Amino acid sequence: MAQLFTPAATTLFRVAIVLLGLGVVAAGAVAYVWARSGSTWNVGKPAPQPVPFRHDLHSGSLRIDCRYCHSTVERAADAGMPSAQTCMSCHSQVWVGASVLEPIRSSFLLGQPITWTSVHRLPDYAYFNHAAHVAKGVACETCHGRVDQMPKTVKTQTMSMGWCLDCHRDPTPNLRPREAVFSMGFEPHGKDLPEDVRVFYQEASRRLTSCSTCHR
Amino acid sequence: MTSEAQAVTRTVAEVPLARRFGVIWWGALLASGALVLLLGYTLVSVTLIGVGVWGINIPFVWGFDLINYAWWIGIANGASLFAAILVLRRHDLRTAVNRFAEGVAFFAVICAGIFPIIHLGRPWLFYWVFPYPATFQVWPQFRSTLTWDFWAISTHAIVTSLLWYVGLIPDLATLRDRARNRTVKRLYGVFALGWRGSVRDWAYHQRAYRLVAILVLPLILIMQSTVAFEFAVTLVPDWHETRQPLHFVATGLAQGLSIVLLVAVLLRWGLRLGSYIDEGDIDLLGRLVLASALVSAYLYVDEIVAALLADGIAQEATFNRLTGDYAGLYWTAIVYSILIPQLLWLKAARRSTVACIFVGFSIGVGIWFDRFSIIVGGLQTDYLPSIWRTYSPTLAETGLFLGTIGLFAALLLLFVRFLPVVSMFETRHDEHEEKSS
């Protein structure tokens, strides 16, 4: 009767075991890179919006303050999205008949909110508070990037928990003087912080990385 | 191999190589397959709807999930401890029972492993207990019992499957040599890892087998204590005792041995393996089961004595378990796991298939009630009237439990169908020794 296996079978089997081991390691490496890549977290992907709103035009060219539309950013957890009234404060005068603004006008007339699609949605169990961050000198730009240069609003950071913790462990390099919080392209970061603020955050990072700071 | 040696183990090898396997086997497989479907259904329902489909609620945060986890782990521990000791002692009994004792242990681990995952509430995130570099940059909490479960179950699965598989290798080679169909030959051949039966192969095999068997010994004590410590780290008075690990190890051994006895008798009867698992083997197993039941009895007495010596709340908790709402569970456990096994004092009972099945089954049932009593009865009634409720399992929980029994039975049936249930190489070895002496 013919042999079941050729003499090379043992070698083949050993090679297969080694390849399997390498494959597991490679799969781990791929998963590691994939979980950290921007595309996994929808970085740079615009969301479909009811109106083709342009930050680069409004915030960049026209230099409208962030707080004009995101009006509760300094006093609430949520930064707030503009209502139709806010838009109509200008658009009752300019671009009055533009067809792209039709959803704004109908929202205004019906008294209903505009259904903006969130680009930076955090999970429900993360209690992010805009007011606290803004008050302590974390700028809009630090998390949202150069919004004033975006024709379509996109994420520039992963917004993963690890990314949050990167800053919570030592916030000082990302803090700005209060007057620079709403400005774009501010340099240099953190260098001109007073000494007592630095000392404070050395101690405070313990509390900032505690579970219940963000998960309650 | 001489034809004489071949003849010795022909019946064992013929079983997995047979083309047809009878109506009873198919019937049993279909029945257990139906239970596996039920398992699938309950797993899907708890995943989609959540743990609300279970009867658990404050204060009964642990119900059937932990009862059955502790129960299956007990079977796994008892069976693999028994198998490992037989390998290390080179006891004659190993030829008869080792293979399926290892199989029973491995299948029980698989059943046990389901519960810690499914009871998480969000089972699809179970991998969060692995220590891996996650994007949320938080490592598993090492003080959490969930993390212990992960290490316990994964270590257990690796070691018991190794013990089972390493023991199987020479027999897989025998099946490869005797199979008639070429594809079947090749399949067994791959799993036999190129076994040649050379002296070198045997030397390595013996070393590997004994090494894994030695690994089992500390593993079992640590694993079973891990289950006990998961209770001990809580604030529940009745679980907060140092005797708990000992109780789990000893009753787990009794339970594992009784399941091994049950399976041994069933195999002997079902596959006509009377000459491989002989009366002496069953007799010896019966004595072991009886001895382990006596150790359990000692521990039950110890529990009461320890409670008498304990402070107020711990004492109250223990006696509440003995006389309170769940007293029935406790006394059922005593009857089934302590009193009924006393039958095995009689030689006639140890030699009787029916009696062995009855006792093996009753210890399994008894220890299940014991786990039920510890877990549910240990959760003392509080002063808040809003939580004065009793625990009873819902259909989803019962289905889960029955499903794991079905899974266990199905795995056992497939094992019986495709692999030699009695160690052929050990049997041949014994025969040779008998002849040369």
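The radius of gyration is taken over C-alpha atoms, and the globule rule I compare it with is 2.2 Å times the number of residues to the power 0.38.

**Entry 1: ground rules.** I noted that this is a predicted model, in which local features need pLDDT of at least 70, side-chain atom pairs count only at pLDDT 80 or more, and totals for chains, interfaces and linings use all residues. Residues are numbered from 1 along each chain as its sequence is written, while chains are lettered from A and ligands numbered from 1 in the order in which they are written.

**Entry 2: overall form of chain B.** I began with the globule rule: for 437 residues it gives a radius of gyration near 22 Å for a compact globule, and chain B agrees, with 23 Å. Its C-alpha atoms fill a box of roughly 75 × 60 × 40 Å along the principal axes. I found 16 helices and zero strands in chain B; helices (H or I, at least four residues) and strands (E, at least two) are DSSP runs, numbered from the N terminus.

**Entry 3: overall form of chain A.** Chain A has 10 helices and zero strands. Its radius of gyration is 25 Å, well over the 17 Å that the rule gives for 216 residues, so chain A is more spread out than a compact globule. The box for its C-alpha atoms is roughly 95 × 55 × 35 Å along the principal axes.

**Entry 4: burial.** I call a residue buried if 20 or more other C-beta atoms, placed from the backbone, lie within 10 Å of its own. Buried residues make up 44% of the 437 residues in chain B. For the 216 residues of chain A, the figure is 12%.

**Entry 5: confidence.** I looked up pLDDT, the predictor's confidence in each residue, from 0 to 100. Chain B has a mean of 86, with 96% of its residues at 70 or more. Within chain B, helix α1 (residues 3-8) is lowest, at a mean of 57, and helix α12 (residues 327-339) is highest, at 93. For the complex, the predictor gives an ipTM of 0.74 and a pTM of 0.84.

**Entry 6: one helix of chain B.** I picked helix α3 (residues 23-49) of chain B, whose 27 residues reach 38 Å from first C-alpha to last, close to the 39 Å expected at 1.5 Å a residue; that expected span is 1.5 Å times one less than the number of residues. Its buried residues include B:L35, B:L38, B:L39 and B:V46. The buried residues of α3(B) pack against α5 (93-118) and α15 (395-418) of chain B. Just after α3(B), I saw that B:G50 takes a positive phi of about 115°.

**Entry 7: nonpolar cores.** A nonpolar core here is a set of buried Ala, Val, Leu, Ile, Met, Phe, Trp, Tyr and Cys residues joined through C-beta atoms within 7 Å. The largest has 118 residues, and B:A108 is among those that touch the most other members. Helix α4 (residues 64-89) of chain B gives the most to this core, with 17 residues. A second, separate core has seven residues, including A:C66 and A:C140.

**Entry 8: where the chains meet.** I count two residues as in contact if their C-beta atoms, placed from the backbone, lie within 7 Å. The contact takes 12 residues from chain A and eight from chain B. On the chain A side, α1 (9-36) and α8 (161-169) each supply at least two residues, and α1(A) gives the most, with six.
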